[in-house]
Structure formats: C-alpha cells, structure tokens
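Hello,

Here is the structure I promised to pass on to you. Please have a look at it first, and then read the notes below.

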Amino acid sequence: MSLPEVAVTGVGAICAAGGSVPQVMDSLYAGEVNAAAPTGFHVELDSVFPVFEVTSPLDAASQVTLDFEPTRTTQLALIATEEALRGARLRHETLQHHRVGVCLGTTVGCTLNDETFYREFRDQRFPGMNSIHRYLANNPAQCLADVLGLSGPVVTIANACSSGTDAVGLAKTWIETDRCDIAIAGGADELSRIPYLGFIRLLLASQQPPRPFDKNRDGLNLGEGAGIVVLESAEHARRREVPELAHIAGYASFADAYHPTAPHPDGIGLKRAIQAALVDARVAPKDVGFINAHATATMDNDRVEGRVLRDTFPPDTPVVATKSYTGHTLGAAGGLEAVLTIQALVDQRLLKTAGFRELDPEIEIRPTEADAAIDCDTAISNSLAFGGNNSVLVFRRRRR
Amino acid sequence: MSASILGIGSVSALGSGVDSLREALHGSVRPRIERTSISTSSGKVELPVYRAHVEGFDRFVNRRAQRRLDKVTRMTLLAAFLALEDSSVDIADKRRVGVLVGTGFGPLTTTFDYLDTIIDGGDNSASPTLFASSVHSALASAVSIFTKFNGPCLTITNLELVSTEVLSTACAWLDRQIVDYVLVGLADESCPVLEYAARLRGAGRSDRIEPLRLDACSYLPAEGAVALLLGRPTEQEKYASLLDVQSIPLSSGIDSDLARNHRALLLAANGEQKTGRSFGQLDLGSVKVAVHSPLYGSLPVGLGFDVALAALALERGELSPCAIGTAPKRLDVLTEAMPLCNDDRLGCLECAASRAGFVSIGRM
C-alpha cells in the first residue's frame with residue numbers, strides 16, 4: 001500500500017525557554033535552564049521542587065476572540081497553534097477552505113480537578129456552574145476546532161506522558177488515510193499543583209534541575225507549554241507552494257502491558273516501538289542522526305530507555321534530552337519535543353543536554369554535552385508514559 | 001475504512017454482558033435507576049441515576065488485584081473481558097492487538113478521591129496511588145495490563161463525539177495494518193460532583209429521559225462501559241461490520257446523504273438540550289429514527305451503546321422501538337418493531353453543537 005508522505009509545514013512552541021520557536025531554540029542553544037520554584041500556585045511543603053514555568057505573556061498573544069474564559073492550557077495551545085499556522089502560511093479565514101483536523105495531547109487540560117470548585121462542593125457552599133462550563137469549553141482539541149471553525153476530525157488524546165507524541169502519530173494516520181487535508185497536532189499542558197503534588201509523592205520529582213542519564217539523577221521537574229505541528233501531505237504542501245520543514249516519516253506505539261506506573265525493566269514496548277517506527281520510516285538505526293530521548297531524569301525511565309537506546313543504535317548516535325530545558329510538560333511533551341527535534345534538524349545543529357555530569361555505568365549513555373553542527377537527515381523522538389505506553393516518532397529533514 | 005464486529009461486552013444499568021443489551025432491546029429488561037439525594041442551595045433534591053452494577057468481575061480478575069481498581073476501570077475491564085469472551089477469537093499474537101479507550105470524563109471518582117487526600121491531610125498527604133489512578137489513560141492501561149495485549153494503547157478523551165472518533169481510529173489502525181484486532185472500550189462513570197452539576201444544568205426535573213423533547217432538559221446521568229472487539233473486514237463478522245465512520249460538520253447539510261441507504265437511524269440523543277437542538281435541526285427525510293438512551297442513560301459514550309444495539313438488531317433481524325415521549329414532527333420515530341433483512345444497514349448518529357458523528361453498520 002503506497003501512502004502519501006506526511007509533511008510538516010509549520011511549527012509552534014511555547015515553554016519556559018520562550019514564547020515562540022525562535023526564542024525557544026535560541027534559549028536552548030544558549031544552554032539556559034529556567035527552573036525555579038513555582039509562582040503560579042501555592043503549596044505547603046517543606047522542600048522546594050523547581051518547575052519550568054512559562055513567563056512570556058499569554059493574554060495578548062492570541063489573535064482570536066474567545067467567547068469563553070480560556071484555561072492556561074488553552075492559551076498555550078492557541079499561541080503555539082497560531083505560530084504554527086503562520087509558518088504554514090495558513091490564515092484563519094483560509095482554514096475553512098480545507099478539511100482541517102485537530103489532534104492534541106493533554107493531561108491537565110482534560111481533567112475536572114478544579115480544587116476551588118471541589119472544596120466549595122465538599123463544604124456544601126453550592127458552587128455555581130462557572131467552573132463546570134469552563135471545563136466543558138476548554139477540552140483542548142474541541143475548543144481549538146471551535147475557535148478556528150475547523151471541519152475535520154477533532155481528537156483530544158490523554159495518554160499521559162506520551163499524549164503529544166501519540167497525537168502527532170494519529171494525525172499522521174489521518175493524512176495518510178485522507179481523513180483530512182491538514183492536521184494541527186501536538187500537545188499542551190499547564191502547570192497545576194494537583195499533578196505537581198502527585199509526582200512529588202510518587203518520589204519522581206527532584207529538588208534540583210533534572211540530570212538526564214546522570215548516575216546521580218533523582219527525578220524530574222514538571223514544566224508547562226505547548227508544541228504544535230501543522231501536517232499535510234507533501235503533495236498538498238506542494239500544491240499550496242509552502243516549504244516542507246520535515247516529514248513525519250515514521251510512528252509506532254507499543255504497550256508494555258506490565259505496570260501502572262513503572263516501565264517494563266527490559267523496555268520491551270519501547271524496543272518494539274522504535275523498531276516499528278524505523279520500519280514505518282524505512283530507515284535503519286545507523287541512519288538516525290540523533291535521538292531526542294524521553295529522558296525524564298527519573299531512575300527507572302532513564303535506566304530502561306538508556307539501555308534500549310544503547311542496545312538498538314550504534315554507540316556514537318547522539319542522544320539529546322530536551323526536558324533538561326523545558327521540564328516535563330506531560331501532555332505537551334511529545335508535541336514540544338517533536339517541534340524541537342524538527343527545528344534542530346532544520347538548523348542542522350545538535351543541542352547539548354543540560355544537567356548531565358557523571359556517566360551511569362548501568363546504562364552507559366552519555367547525552368550530548370556541547371552543541372555542534374550536524375549533517376543528518378533523520379532523527380527520532382521517544383515518549384514513555386504511565387501505564388507502560390511507548391511511542392516513537394521519526395522525522396526526516398527536507399533538503400532545500 | 002471498515003471493521004468487523006467480532007465481540008460485544010457491556011456493563012450498564014441494564015446489567016453485564018451482551019445478553020443484557022439483547023434483552024433490553026427486546027423489552028424484557030429495564031434499567032436499574034437509583035434515586036440519589038443531592039444537596040442544593042434550595043435544599044435536598046432527588047435525582048434518578050442510571051447506576052451500573054459491575055457483576056461477574058471475579059471471573060476475570062482475582063479479588064486481590066481488584067482492590068486497587070476504581071469503578072470506571074472495573075467497568076471498562078469487565079466490558080473488555082466480556083467482549084473477548086463473546087468473540088471466541090483465539091488471539092495468537094498479543095502484539096497485534098490494540099487497546100483503544102474513549103471516555104468523556106475519565107476516572108472522576110478517583111480524581112476527587114485524590115483531591116480529598118490533599119484537602120483532608122494537606123499537601124504532604126496527596127496520595128500517590130490515587131494520583132496515578134486518576135489519569136485518564138489508567139483505564140486503557142488496565143485493559144492492556146490485564147489482557148497482556150501490548151500493541152498500541154490509546155485513550156481519547158473528547159467530551160463530544162468520543163465514540164465516533166474512537167471507532168474511526170480503530171478502523172484506521174486496522175486499515176493501516178498497524179494491528180490485526182482492536183479492543184475498543186467506551187466508558188464513563190457518574191459521581192456526586194457530576195450529579196450535582198447535572199442537576200444545576202436542569203437534570204432530574206423529569207423522571208425519564210425524553211431524548212427528542214427539545215424544550216426541556218431531561219438528561220439523567222448514567223454510567224457504563226461498552227466494549228467491541230473489532231477485526232479486519234476480512235474476518236468472519238459475528239454480528240455485523242462498521243461499514244463507515246465519519247465526523248461531519250452539521251453546517252455541511254448532508255443529513256439526507258447520511259440517511260440514504262440506511263433502513264433506520266439510531267440517534268444518540270440523551271435529553272441534553274444543546275445536542276438535542278442539533279438533532280432537532282436534522283433533515284433526515286423519511287428515514288425512520290429510534291432512540292435508545294432511555295435504556296442506557298445519558299453519558300458521553302452513548303453512541304457506543306447504540307452501535308452495539310444496532311449490531312444486535314441486525315443479528316436478530318428486527319429493530320425494536322423504545323418509548324421516548326415527545327418528538328419533533330419532522331422526525332419519523334419508530335413506534336413498532338421493524339423487520340430487518342440481511343442487506344439492511346443501520347446508521348448511528350451522535351450530534352454535538354457543530355458536528356455530527358455517524359457510524360454505518362451492516363453486513364459485508
């Protein structure tokens with residue numbers, strides 16, 4: 001079966017490193033790590049667990065008028081989407097001329113966990129419907145489709161930490177099967193004290209900035225943001241005469257079917273996902289120019305992922321861990337990391353990884369320690385998630 | 001894109017198993033509707049709720065393992081196991097089975113239980129176990145872990161058209177040969193917060209769902225799960241096949257196109273006014289329509305139940321009506337059993353504010 005090539009014609013990003021793709025890349029190439037104590041919410045804990053918070057303004061950034069009160073997740077998604085649409089040379093009014101679908105990953109953005117509302121409910125103070133209306137209006141993909149007047153498929157994916165990767169992967173399938181002409185895909189998530197406390201209590205959060213693959217790593221820092229790609233068939237992009245930044249050459253996802261929170265110790269799902277994604281992209285491990293690893297800097301994730309990478313790829317394959325600059329943005333992570341991987345391919349510049357100091361002999365992965373020019377066409381991005389989900393995207397650069 | 005329905009499982013206020021749906025369709029089983037008491041600013045009120053009973057779970061999951069599973073996960077798992085059992089399919093390669101779960105609200109009870117640990121005990125007391133179980137993907141993960149199916153495992157969490165998008169994705173996985181089978185689960189639960197919110201939105205002023213009454217809310221909260229084992233169209237269909245799944249903008253005005261070639265449409269109207277208005281505006285021509293939400297209640301995954309009911313109606317060769325009260329005159333509502341022949345197709349239609357989801361069901 002011959003499938004159309006899936007082109008990326010626009011990218012958008014917002015995270016702690018900046019409010020647009022150029023800002024984010026400049027910050028990453030400069031090696032800036034913006035982890036700090038959370039300011040967007042208050043917690044009563046004895047220790048500080050840093051987060052990667054978005055500091056660029058959200059209010060005035062969007063061009064669209066909303067008839068509902070947006071959540072921070074919605075604002076982040078909108079800002080990244082508008083940047084991606086501008087890059088793809090798509091104006092709002094032209095979107096109606098195409099079948100445009102939207103597929104977004106999230107975790108916080110789909111959860112009815114308004115603490116204020118719930119406290120009032122518990123105390124029988126009979127809260128009104130504002131909070132519920134706000135929740136109903138802010139399902140990320142749905143509200144984006146409504147705001148932009150899109151006519152294609154609309155899906156919000158909640159696959160925990162692989163949500164954004166799976167959203168891009170499903171959108172790739174939409175283009176391949178002609179479900180839509182154009183897909184807006186990626187992920188968005190805001191920082192919230194609810195998962196913040198959960199990760200701390202799971203002993204997965206660190207009091208230091210993350211140290212991916214380091215022998216002394218001790219956990220993740222949460223972050224927030226959005227990463228969006230605009231996808232269309234290469235043929236459609238050529239007809240529209242828009243440049244193709246890259247192709248989504250491969251995608252695959254496999255479950256460990258093992259444990260609700262821990263990865264399979266042998267990484268069976270991740271191995272299969274990498275192998276299947278490479279087959280889908282018709283590339284061999286030796287052809288992969290660099291890997292943007294999931295690399296949460298937790299003991300289990302990095303051990304399992306690192307060993308799988310070590311066993312699958314040639315030893316000199318560079319491994320980048322961009323969460324060391326963005327934090328773990330949960331449902332946004334896969335979308336954001338897709339954008340960073342694509343842009344690094346476009347720039348032909350390898351990012352260095354922050355935080356790594358000492359090789360862990362158990363995994364023997366030494367992530368990139370300096371940024372450098374590269375000459376490669378293919379990169380992959382991994383996502384591992386609660387429940388044992390493992391998803392992999394393969395990107396291929398379009399040579400100009 | 002199409003898929004063969006190989007097995008059906010369900011858990012709802014009608015009971016557990018495909019026979020509970022068969023019997024409800026034939027009128028021999030009624031839903032168990034509990035009256036729950038809700039405190040509002042104007043005093044206590046009663047709200048009828050379609051409460052699901054998770055019966056027969058012990059056959060599939062031992063009691064020790066059940067302890068950590070919340071109700072919506074149990075419902076999803078039980079429906080999934082029942083669909084597998086119903087199918088009798090011998091699955092040789094578990095890597096070639098995808099798990100795909102759709103839910104509107106996710107594990108609500110666990111989400112609020114987790115918040116309780118923070119509110120009651122302070123920030124240092126947040127329960128890590130409840131937090132991990134409160135993520136929406138916990139349902140699909142549980143299905144994957146307990147069945148050992150380790151193909152792709154995906155959770156779609158739309159508040160609108162969730163069943164349509166899940167079934168469409170399942171068909172795409174099969175069409176792209178990503179998997180050989182997809183175990184689809186569609187599940188939602190009710191909880192006190194949702195019931196309070198439903199009441200504020202007007203639920204419970206009527207004791208029964210009148211799904212096509214457009215001037216008043218007759219929404220009654222429900223919970224349940226329906227699971228389908230889907231295979232490629234080349235597989236021997238046990239019931240029928242999903243011949244087409246699509247989501248369409250309501251503004252595209254293709255209502256009569258949808259209705260064409262279908263003997264009858266099952267509308268997933270559920271007494272909610274906003275979507276009720278969308279159903280009320282449809283121009284479906286002379287095609288007969290039936291609504292079965294009074295059997296399974298008002299919940300985001302209602303279309304999933306309709307798909308199962310449509311497959312069972314085709315199996316029996318007859319579509320039974322369901323009493324729905326008032327309906328717009330422009331809709332030709334089924335009032336007596338309609339015989340179906342082998343070539344007949346049934347359509348299942350769900351509406352959101354601006355989009356509709358449509359599933360065509362028939363034999364290959």
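Predicted model: local features only at pLDDT ≥ 70, side-chain atom pairs only at ≥ 80, totals over all residues.

Which residues bring H7(A) and H13(A) together? From H7(A) they are A:Ser163, A:Gly164, A:Thr165, A:Asp166, A:Ala167 and A:Val168, and these meet A:Ala333, A:Gly334, A:Gly335, A:Leu336 and A:Ala338 in H13(A). Sorted by class, this contact has five nonpolar, five polar and one charged residues.

**Strands of chain A**

S1(A) runs antiparallel to strand S8 (residues 225-233) of chain A, with nine bridges joining the two. Within that pairing, A:Val11 stands opposite A:Val229 of S8(A). S1(A) is also joined to strand S9 (residues 246-255) of chain A, again antiparallel, by two bridges. There, A:Val8 has A:Ala246 in S9(A) as its bridge partner.

You will also find an open sheet of three strands in chain A, in the order S2-S3-S7 and with mixed pairing. Strand S2 (35-36) and strand S7 (222-223) are at its edges with a single partner strand each, so one side of each is left without a neighbour in the sheet. S3 (residues 51-52) and S7 of chain A run parallel and are joined by two bridges. One residue to look for is A:Phe52, whose bridge partner in S7(A) is A:Gly223.

**A glutamate to look at**

A:Glu53 lies in the loop between S3 and helix H2 (72-87) of chain A. Is A:Glu53 buried or exposed? A residue is buried if 20 or more other C-beta atoms lie within 10 Å of its own. A:Glu53 has 22 C-beta neighbours inside 10 Å, so A:Glu53 counts as buried. Beyond its neighbours within four places in sequence, A:Glu53 is in contact with A:Ala16, A:Ala36, A:Pro38, A:Thr39, A:Gly40, A:Leu191 and A:Glu224. From C-alpha to C-alpha, A:Glu53 and A:Gly223 are 5.8 Å apart in space, while 170 residues separate them in sequence.

**Over to chain B**

In helix H10 (residues 273-280) of chain B, the buried residues are B:Thr275, B:Gly276, B:Ser278 and B:Phe279. These residues are on the same side of H10(B), because they cover an arc of only 155° around the axis. Strand S10 (264-267) and strand S15 (346-351) of chain B are among the elements that cover them.

**Where the chains meet**

How many residues of chain B are in contact with chain A? There are 56, and they touch 54 residues of chain A. Elements of chain B that give two or more residues to this side include strand S3 (33-40), helix H4 (108-121), helix H7 (162-175) and strand S9 (241-249). H4(B) supplies the largest share, six residues. On the side of chain B that touches chain A, 28 residues are nonpolar, 20 are polar and eight are charged.

How values were computed: Residues numbered from 1 in each chain as written. Chains lettered and ligands numbered in written order. Contact = placed C-beta atoms within 7 Å. Helix = DSSP H or I, 4+ residues; strand = E, 2+ residues; numbered from the N terminus. Nonpolar A, V, L, I, M, F, W, Y, C, P; charged D, E, K, R; others polar. Buried ≥ 20, exposed ≤ 12 C-beta atoms within 10 Å, placed from the backbone. Arc of directions from axis to C-beta. Pairing = 2+ DSSP bridges.
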